[in-house]
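Here is a short report for a reader new to this structure. Look at the model first, then read on.

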Amino acid sequence: MSATQAASDEILIARIAQGDRLAMQVLYGRHHVRVFRFGLRLVRDEQVAEDLISEVFLDVWRQAGKFEGRSAVTTWLLAITRFKALSALRRRKDVGLDDETANAIEDTSDDPEVAVQKKDTSDALRKCLTSLSPEHREIVDLVYYHEKSVEEVAEIVGIPENTVKTRLFYARKKLAELLKAAGIERGWP
C-alpha cells in the first residue's frame, strides 16, 4: 500500500468519525475483500467470514473517533477482524476443518501443464499450512498473505515482536520440512 493511500485511509477514518457515510463506503470498498479473506482464513466458514465483515465495519463506524493513528488503518482493521474472529470461534462449539474453503484461482495466462503444476503445488502448500499450529499459521498468513511487517503483526496479535520472529522462523522451518516430505521442491513452476 502506498503512503498516499495510507494517508487517505486516515482521512477517511477522520471523516467517518464525523458521520460521513460516503467516506465509510469508500473505506469499505477499499478494504472489505482483505477483511473477508483474513477472517475466512481464521474461521474457515464463508458465512461467518461475511458476518465478520459487517461486524468489523460496524465497529469502524462506531469507533472511528477513537482511532489514534498509532498504526496503519489496515492494521487496525485486521486487529478488529482477528478479535471478532476469535470471539466467533469461541462461540462455535463445532469448529470443523474445511480444506475446500480457500480454493486457488487459476492463472489463465499459463498453459495447462503449468496451471496443473501450480494447482498441485498450491494444494500441497495449503495442506501443509493446515498442518502448522494455529499460532504459526496466523503469523504466516499475516506476513505473507497480508504483507504485514513484524511490528504490525505483533500489534495485531498482541505479542512481542521477537515472539513473532521466532514463530515465523519455526513456521517456515516446519513448512519447508512438510513441503519436502510432500515432494515439493522450492520454487514455483
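Tyr 28 is partly exposed. Its relative accessible area is 34%, which lies between the 20% limit for buried and the 50% limit for exposed. This value, like the others here, comes from a predicted model.

A search of the whole structure finds three aromatic pairs. One of them joins Tyr 28 and Phe 57. The ring centres are 5.0 Å apart and the planes stand at 70°. That angle is over 60 degrees, so the pair is edge-to-face. Tyr 28 belongs to helix α2 (residues 21-43), and Phe 57 belongs to helix α3 (residues 46-63). The pair therefore ties together parts that are 29 residues apart in sequence. Phe 57 has 5% relative accessibility, so it counts as buried.

## A pair at Phe 169 and Tyr 170

Phe 169 and Tyr 170 also form an aromatic pair. Their centres are 5.1 Å apart, with 80° between the planes. This pair is edge-to-face.

How accessible are the two residues of this pair? Phe 169 is partly exposed, at 45% relative accessibility. Tyr 170 is partly exposed too, with a relative accessible area of 44%.

## A charge over a ring

Tyr 145 has a charged group over its ring. The group is the charged end of Arg 41, which sits 4.3 Å from the ring centre.

## Where α4 meets α7

Two packed helices are described by the angle between their axes and the distance between the axes. For helix α4 (residues 73-91) and helix α7 (residues 150-157), the axes come within 9 Å. They cross at roughly 35°. The crossing of α4 past α7 is right-handed.

Which residues make the contact? From α4 come Thr 75, Leu 78, Ala 79 and Arg 82. From α7 come Glu 152, Glu 155, Ile 156 and Val 157. By class, the contact holds four nonpolar residues, one polar residue and three charged residues.

## Glu 138, a buried residue

Glu 138 lies in helix α6 (residues 134-145). Is Glu 138 buried or exposed? At 9% relative accessibility, Glu 138 is under the 20% limit, so it counts as buried.

What does Glu 138 touch, leaving aside its neighbours within four places in sequence? Its contacts are Leu 42, Arg 82 and Val 157. Arg 82 and Val 157 also take part in the contact between α4 and α7.

Key. Residues numbered from 1 in each chain as written. Predicted model: local features only at pLDDT ≥ 70, side-chain atom pairs only at ≥ 80, totals over all residues. Heavy atoms only, no water. Helix = DSSP H or I, 4+ residues; strand = E, 2+ residues; numbered from the N terminus. Buried < 20%, exposed > 50% of the residue type's maximum accessible area, 1.4 Å probe, protein only. Contact = heavy atoms within 4.5 Å. Axes fitted to C-alpha atoms, helices over the stretch in contact; angles between N-to-C directions. Left-handed = near helix turned anticlockwise from the far one by under 90°. Nonpolar A, V, L, I, M, F, W, Y, C, P; charged D, E, K, R; others polar. Phe/Tyr/Trp six-rings, centres within 6.5 Å; stacked < 30°, edge-to-face > 60°. Lys NZ or Arg CZ within 6 Å of the ring centre and 35° of its normal.
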